[in-house]
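Dear colleague,

I am handing over the structure we spoke about, with the sequence alongside. Please look through it first, and then read the notes below, which go from single residues to the whole chain and back again.

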Amino acid sequence: MIAGATNDNLVKTAFVIAITALSWDLFGLNPVVLANIAALCFILPFIFFAGLAAFKANKQPPKKWLFILKLMELALASIACFAIVNKIGWILLICVAGFGIQSAFIGPLKYALIPRLSDRDEILDRNAWMETATFISILAGTLLAANWIVSSPYLLILLIIILAVIGCLGILLLPTLKGRSESVQQSLIELINRQRKDQRSMSAIWCLSGFWAVGSVWLTHLPILATDIWHLAPQSVGKLLGYFVLGITFGVIGGVLLKQQGLVRRILLGAFAMVIGSLLIQISNYTIASTGLVLTSAGGGFLALPLYTLLQDDLTAVADRIAVNNIANAYMIIIAAIASMLTVGLLGLPLVIWLLTLSVGQLLLCLYHRSNLSFS
């Protein structure tokens with residue numbers, strides 16, 4: 001799973017850097033437009049294929065289905081490497097969309113596997129590893145692709161292929177489990193309407209989606225924070241990404257240590273930490289502001305951990321819940337991106353104020369859903 005998540009970000013970042021820094025031509029379109037098209041190509045499959053992804057995660061034997069998806073990743077990785085060698089932007093963009101489709105199918109399956117392979121008291125710890133590994137993969141894929149597509153493209157190609165092969169081999173270590181023969185495929189609307197009846201898990205989904213929306217805005221605007229607000233060198237963006245992932249890791253560790261605390265208390269504590277961290281970035285001192293960055297991401301990691309664990313308390317519903325969660329994540333990320341363009345880009349609201357507003361919004365979202373989340 002870690003290898004696959006890293007490959008996603010290697011290919012996405014390679015495409016963005018290729019059309020911006022390396023000026024690859026793609027039908028004469030503006031690089032900013034292409035970067036947003038690439039983002040949509042990756043995220044929209046999580047919506048379009050949610051119903052089918054949940055059905056396959058339930059119906060198919062997990063090991064067999066995962067191996068098929070990993071073979072798909074290996075094929076996409078090979079095509080992406082061909083595109084990088086020959087500097088063919090449209091093929092690399094197709095690969096970005098392909099990785100989005102593959103990731104959309106893997107998401108429900110990997111979270112459904114955790115409770116099947118773990119004792120109940122181990123699920124939160126396994127989620128902690130999953131959450132930390134996901135953000136480390138994002139960081140590693142982003143940094144390596146950004147550097148190597150420019151200076152060492154053949155090293156990048158080698159890494160993409162190696163990770164895809166490792167992913168295929170890793171599936172062989174999984175135990176053989178049966179699929180659920182009684183599983184019935186649902187349309188997207190049916191899947192959502194059925195999930196909406198479960199108010200507790202829907203509240204967890206909305207709180208998680210808020211976290212992903214806030215996190216996506218932070219990650220998108222880190223270069224602006226670094227150069228325009230904190231007046232750092234462009235090379236410092238990698239350090240700030242490291243701080244962000246470090247904060248997530250701290251939050252996850254804290255979530256494991258405090259797992260005996262009440263669910264709502266942990267979620268609200270995490271949301272409150274995000275607000276405090278966002279307040280700290282209002283201070284022009286870089287040391288204090290970077291502490292705020294770490295605290296904000298730590299709060300997000302802390303609140304997300306018990307929410308994912310909540311979605312896994314029913315083995316028969318995990319895949320459906322994660323599929324709907326992926327839809328909500330995509331929806332909230334797109335809304336947050338549009339809102340950011342309007343408020344910061346067009347209306348000129350200071351970025352640090354906007355980031356604080358989003359964190360306050362996350363706290364209010366968690367407060368709004370706390371009664372549903374407290375149901376046993």
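Is Thr134 buried or exposed? With a relative accessible area of 16%, Thr134 is buried, since the cut-off for that word is under 20%. Please keep in mind throughout that this is a predicted model. Thr134 lies in helix H7, and once its neighbours within four places in sequence are left aside, the residues in contact with Thr134 are Lys110 and Trp212.

The chain as a whole

The chain holds 16 helices and 0 strands. The C-alpha trace spans about 50 × 45 × 35 Å along its principal axes, and the radius of gyration of the chain is 20 Å, which agrees with the value near 21 Å that a compact globule of 376 residues would have. Buried residues account for 52% of the 376 residues, while the accessible surface comes to about 16700 Å², with 69% of that surface belonging to carbon and sulfur atoms.

Helices H7 and H8

Two packed helices are described by the angle between their axes and the distance between the axes. For helix H7 (residues 123-151) and helix H8 (residues 153-171), the angle is about 130° and the axes are 6 Å apart, and that angle makes H7 oblique to H8. On the H7 side the contact is made by Leu144, Ala145, Trp148, Ile149, Val150 and Ser151, and on the H8 side by Pro153, Leu155, Leu156 and Leu159. Sorted by type, the residues of this contact comprise 9 nonpolar and 1 polar, with no charged residue among them.

Helix H4 and what covers it

Helix H4 (residues 50-59) is mostly covered, in that 7 of its 10 residues are buried; these are Ala50, Gly51, Ala53, Ala54, Phe55, Ala57 and Asn58. The cover over the buried residues of H4 includes helix H3 (45-48), helix H5 (62-86), helix H6 (89-117), helix H9 (188-196) and helix H14 (318-346).

Ala50, which lies in helix H4, counts as buried at 3% relative accessibility. Not counting residues up to four places away in sequence, Ala50 touches Pro45, Leu188, Leu191, Ala323 and Ile327.

Asn326 has its place in helix H14, and at 12% relative accessibility Asn326 counts as buried. Beyond residues up to four places away in sequence, Asn326 touches Phe46, Ala104, Gly107 and Pro108.

Gly301 is found in helix H13 (residues 286-310), and its relative accessible area is 0%, so Gly301 is buried. Apart from its neighbours within four places in sequence, Gly301 is in contact with Glu131, Phe211, Ile248, Gly251 and Val252. Gly301 and Glu131 are 170 residues apart in sequence, whereas their C-alpha atoms are 7.7 Å apart in space.

Most residues other than glycine have a negative phi. Which value does phi take at Ser23? Phi of Ser23 is near 60°, a positive value in a residue other than glycine. Ser23 lies in the loop between helix H1 (2-20) and helix H2 (31-43), where it counts as exposed at 56% relative accessibility, the cut-off for exposed being over 50%.

Phe27 is also found in the loop between H1 and H2. Phe27 is not a glycine either, and its phi is positive, at about 60°; with a relative accessible area of 68%, Phe27 is exposed.

With kind regards

Conventions. Residues are numbered from 1 along each chain as its sequence is written. This is a predicted model: local features need pLDDT of at least 70, side-chain atom pairs count only at pLDDT 80 or more; totals for chains, interfaces and linings use all residues. Side-chain values use heavy atoms; hydrogens and water are left out. Axes are lines fitted to C-alpha atoms, for helices over the stretch in contact, and angles run from 0 to 180 degrees between N-to-C directions. Helices (H or I, at least four residues) and strands (E, at least two) are DSSP runs, numbered from the N terminus. Angles under 35 degrees count as roughly parallel, over 145 as roughly antiparallel, 65 to 115 as roughly perpendicular and the rest as oblique. Contact means heavy atoms within 4.5 Å. Ala, Val, Leu, Ile, Met, Phe, Trp, Tyr, Cys and Pro count as nonpolar, Asp, Glu, Lys and Arg as charged, and the others, Gly among them, as polar. The radius of gyration is taken over C-alpha atoms; the globule rule is 2.2 Å times the number of residues to the power 0.38. Buried means under 20% relative accessible area, exposed over 50%, partly exposed in between (1.4 Å probe, protein chains only). Accessible areas come from the Shrake-Rupley method with a 1.4 Å probe; for residues, only the protein chains shown count as cover.
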